Amino acid sequence: IPFSAANFITMDTPLTLFTTLSMAAFWRSVQPKTRSRIFWKMVLCAAAGLGFLTKGPAALIPCGAMFVYLLIQKKAVSYFFTPWMPVGILLFAVFGLSWYLYISFLLPNAADYFFASQIWGRLVSDQYQRNPGLSGALLYLPVLLLGTLPWSVAWFRQKNGIQQFFTASAWKRLLAEPSSLLIACWICIPMAVLSLASSKLGLYALPVFPALALSTSRLIVFPSGSSAQNPMKRLLKQISFLSVWTVFLLVSRMFLGAIPSGNDCRALWRELKPYLPKSDYEIVAVDKRVDGLLFYGAMEIENITRRNTPYPTYIPPETIEKELNDMQEDQFPHLFIIQGDKHIPEIKTVLSQARWTIDEIPLKHNRRLLLCKPKE
């Protein structure tokens, strides 16, 4: 999954970077023999702030694992209440909150949108309709089991693998193994929160994968016998396996990159270029955003909708009626991109009544292009 996630324009990958950094800093800060514990606490606060800047409150979910760890170890009070606590809060605020405060003062209703979108909308309400309910948590099973291949095979092959999660003795042993306890909290607490949240997507679990990697590394052992007694043979076997797996990943990425996709804005841009006028124009996307065209030189993109409940965004999509009023003022060509045939007759009727000429051009992936020009 981490390898595949690199192909998506998503904030989950940089979020994982900062949550992993914060967890590493936390681990260093709770070591009794570490001289620079205060320094690592400040690194933790700064990393948590950068994570919050990246994707809002989602960065605090792994911090919940740290808090549970401190509660179990009975160190929560002594860890937080130190003379350096105000400095840590200030670092988190500077890195994590300053941009949100600036935008909230700069743009009207931005603070309300942040709360509705990043907190209430994703944790409680069903406005995003992404695998809601407890049954939606089943989404994370294949993400965790298949997204960690081939290493997750060790979870089932080793005696101290995934089976130990179903024994009380294993959980009791965690109290005597601080590193194992932290890894268990790092996995279980975020997954519990993600499972209870109303909005669920596979990549939401990405910040848990470093903990899965650490726990899996403890299970990967080499069998005893002749192979274990021959270091060169063991090394060659490791190199061979890693080489095959690396080639497989690279080939799979090349293969996936060659598969035509309706979400590929670069391919869509190549289709549109022959129809773009040399003068001013506007691209109008109906119910399916194509903002990626801006990366390739699109002059302007407007999003409109015919849905009663469109996807919640800070700038909501307009209606065809509002867009038509803007078109009458602009008086330059507009290119409507429509997915499927559902709204084409309705939109063509509205445009024709407003005295615009319309050329319908079929595109790939069941799209239609309506090239609209004002009548002279």
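Helix α2, residues 12–29, packs against helix α4, residues 61–73, with an angle of about 20 degrees between them and their axes 10 Å apart. Because angles under 35 degrees count as roughly parallel, α2 is roughly parallel to α4. The model in which this is seen is a predicted one. Two packed helices are described by the angle between their axes and the distance between the axes. The crossing of α2 with α4 is right-handed.

The residues at this contact can be named. From α2 come Thr19, Ser22, Met23, Phe26 and Trp27, and they meet Pro62, Ala65, Met66, Tyr69 and Leu70 of α4. Eight of the residues in the contact are nonpolar, two are polar and none is charged.

The next part is a sheet. Strands of a sheet pair through backbone hydrogen bonds, either parallel or antiparallel. Here five strands make up an open sheet with mixed pairing, and their order is β2-β1-β3-β5-β4. At the edges are β2, residues 301–304, and β4, each of which pairs on one side only. From one strand to the next the twist averages 20 degrees.

Strand β5 covers residues 367–374, and six of its eight residues are buried, so the strand counts as mostly covered, where buried means under 20% relative accessible area. In the order of the sheet, β5 stands between β3 and β4. With β3, residues 334–339, strand β5 runs antiparallel, and six bridges join the two.

Thr357 has Lys373 of β5 as its bridge partner, and Glu360 stands opposite Leu370 of β5. The strands β4 and β5 form a hairpin with three residues between them. In the turn of this hairpin, His365 has a positive phi of about 60 degrees.

Helices also meet the sheet. Helix α15, residues 265–272, lies across β1 (282–286), β3, β4 and β5, and it runs at about 130 degrees to β4. Helix α17, residues 344–353, packs on the sheet and touches β1, β3, β4 and β5. The direction of α17 makes about 155 degrees with that of β4.

Definitions and conventions: Residues numbered from 1 in each chain as written. Predicted model: local features only at pLDDT ≥ 70, side-chain atom pairs only at ≥ 80, totals over all residues. Heavy atoms only, no water. Axes fitted to C-alpha atoms, helices over the stretch in contact; angles between N-to-C directions. Helix = DSSP H or I, 4+ residues; strand = E, 2+ residues; numbered from the N terminus. Parallel < 35°, antiparallel > 145°, perpendicular 65-115°, else oblique. Left-handed = near helix turned anticlockwise from the far one by under 90°. Contact = heavy atoms within 4.5 Å. Nonpolar A, V, L, I, M, F, W, Y, C, P; charged D, E, K, R; others polar. Buried < 20%, exposed > 50% of the residue type's maximum accessible area, 1.4 Å probe, protein only. Pairing = 2+ DSSP bridges.
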